[in-house]
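Reader: Hi! Could you walk me through this one? I'd like to start with the helices.

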Amino acid sequence: MRPDALLFDDAFRVAPYWWEAAPPETARAPLPASVDLAIVGSGYCGLSAAAEAARHGASAAVLDAAELGAGGSTRSGGMVSSGQKLALTNAIRGVSAERLVRLMHESMASFDYLKRLVADESLDADLRITGRFFGAYTPGHFEQLRRQGELLRDKTGVTVHTITRDAQRAIIASDYYYGGILVDEYGGLHTAKYHRSLRELARRRGATLHSHAAVERIERVAINSSPATRFRLHTARGVLDAKHVLVATNGYTGNLLPFFARRVLPVASYQIATEPLPPGLMDVLNPGRRMISDSKRNLFYTRPSPDGTRMIFGSRPAIREVDERAAARLLHSKMVQLWPALRDVRITHAWKGYVAMTGDKLAHIGEHDGIHYALGCNGNGVALMSYLGQRIARHMLGVERDAGAFGEGAFPVSAAGVASHVAVPLGAALYGLDDLWRGRVRAALS
Ligand SMILES: Cc1cc2nc3c(=O)[nH]c(=O)nc-3n(C[C@H](O)[C@H](O)[C@H](O)COP(=O)(O)OP(=O)(O)OC[C@H]3O[C@@H](n4cnc5c(N)ncnc54)[C@H](O)[C@@H]3O)c2cc1C
């Protein structure tokens, strides 16, 4: 085992690399007494909903239990997807072919929405569309990826290149994969700068943002003698009345409302950032500065920092949750499997965040008992949760009647969510066994 001094940089921190440029924000301004729209959660979803609501003249207040932006949004890999996940993960069961196509189209729309928002509002987000390579872990996975790539191209019109193993070194300087596919409509951004820009946009349009205001209870209150009701939110910093409530808590959904707790399973995901690489090494390892992931159950996902100096690498390090330092050790060794040239590169940051998994592996927007929600990114939410936040806000305010493909169908109870203490380690163990078995297949082939 490598000694800590060789593995961890002297300035090592348990915190997202992204926070160096744009840390989460404390915002302790008093809560307004009453708003049109109260939003629980200050991630991309909540902020996008607030910005959209304010654009339509509604008063909106965003409430977060922690600092603004301390949730999943600024802890992610910042990979911006155009909906490939729906086609490439075999995720969707029990969804009609017709709805699947609409879901893919809407995911594409989320990609376009994010690009347009960044351009139109001149958001400082370091967004670059460089494409994403999906590496095949086994020869069988290569065939599967090739077929899924064709489906994706046919259904959405994105540009998919099939990359054989012989050609893959032009994309990634590694022999780890058996080829793969490259999708051009994919990119990366700086998660925390994008979040800061969304905060600025929401405020510029008139919304108010409040940190350290955990919503502890939501009750319905009568308006004078009228049959109509409003919502009263009891928070750690006082009470706020609202005409509408949006729950945008994703992987940080607690027990505020049992309906959501039973449908959303928070799963930890971990990442590391390296020290700046020696000059020229990134140009060798990842010359196109692309987003990279693979076909394993417990996949690797990696990308360069937006300035191209560091490698950012993520995976699930172990079956159970571990502390970030232990996770960093395991992730470093996985990164070296992919890129042996990074053996002596030290880690500067390690962090984890929670993604929200759902029973049907789809995000959902809608209404339950008068309370609106946009939840369940399933690990794919930079563009999608931004888009769904503005979409549900439009729906809530009556600007748009149709809630779209993510607003259709029931939001199923997640069996894993109900029994998460058993199901997450069990699921991870089964996934691990699957990867292990396929690893044996690889070993036999090499
Ligand atoms: C490690 C990691 C890597 C990821 N990588 C990618 C990627 O590369 N690409 C991609 O597309 N997606 C990725 N994701 C997923 C993506 O980050 C999320 O889907 C998205 O940011 C979720 O945004 P959100 O606004 O819905 O929720 P969040 O940003 O998680 O915000 C939820 C907020 O709700 C608050 N909250 C919870 N309960 C309460 C309460 N009772 N009162 C007040 N506030 C409350 C929390 O404090 C939190 O700030 C990743 C996620 C993680 C964790």
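Author: Happy to, and bear in mind that this is a predicted model.

Reader: Nice. How far does α10 reach from its first C-alpha to its last?

Author: Helix α10 covers residues 382-396 and reaches 22 Å, close to the 21 Å expected. Just after α10, G398 takes a positive phi of about 80°.

Reader: And which element gives the most to the largest nonpolar core?

Author: The largest nonpolar core has 93 residues, and I39, A50, A60 and L246 touch the most other members. It is α10 that gives the most to this core, with 9 residues.

Reader: What does A50 touch?

Author: Leaving out residues up to four places away in sequence, A50 touches I39, A60, V62, A202 and A207. Apart from that core lies another, of 23 residues, with A328, L331, I347 and A350 among them.

Reader: Switching to the ligand: which residues come nearest?

Author: G43, G71, G353, C377 and G381 do, out of 42 residues around the ligand. The elements giving two or more residues to that shell are α2, β13, β17 and α10.

Reader: How does the shell divide into nonpolar, polar and charged?

Author: There are 18 nonpolar, 22 polar and 2 charged residues in the shell around the ligand.

Reader: Last one: in what sense do β10 and β11 pair?

Author: Antiparallel, over 7 bridges. A222 has T229 in β11 as its bridge partner. The two strands form a hairpin with 6 residues between them, and N224 in the turn has a positive phi of about 45°.

Terms used
Residues are numbered from 1 along each chain as its sequence is written. This is a predicted model: local features need pLDDT of at least 70, side-chain atom pairs count only at pLDDT 80 or more; totals for chains, interfaces and linings use all residues. Helices (H or I, at least four residues) and strands (E, at least two) are DSSP runs, numbered from the N terminus. The expected span of a helix is 1.5 Å times one less than its number of residues. A residue is near a molecule or strand if its C-beta atom, placed from the backbone, lies within 6 Å of it. Ala, Val, Leu, Ile, Met, Phe, Trp, Tyr, Cys and Pro count as nonpolar, Asp, Glu, Lys and Arg as charged, and the others, Gly among them, as polar. Two strands pair if DSSP finds at least two bridges between them. A nonpolar core is a set of buried Ala, Val, Leu, Ile, Met, Phe, Trp, Tyr and Cys residues joined through C-beta atoms within 7 Å. A residue is buried if 20 or more other C-beta atoms lie within 10 Å of its own, exposed if 12 or fewer, and partly exposed in between; C-beta atoms are placed from the backbone. Two residues are in contact if their C-beta atoms, placed from the backbone, lie within 7 Å.
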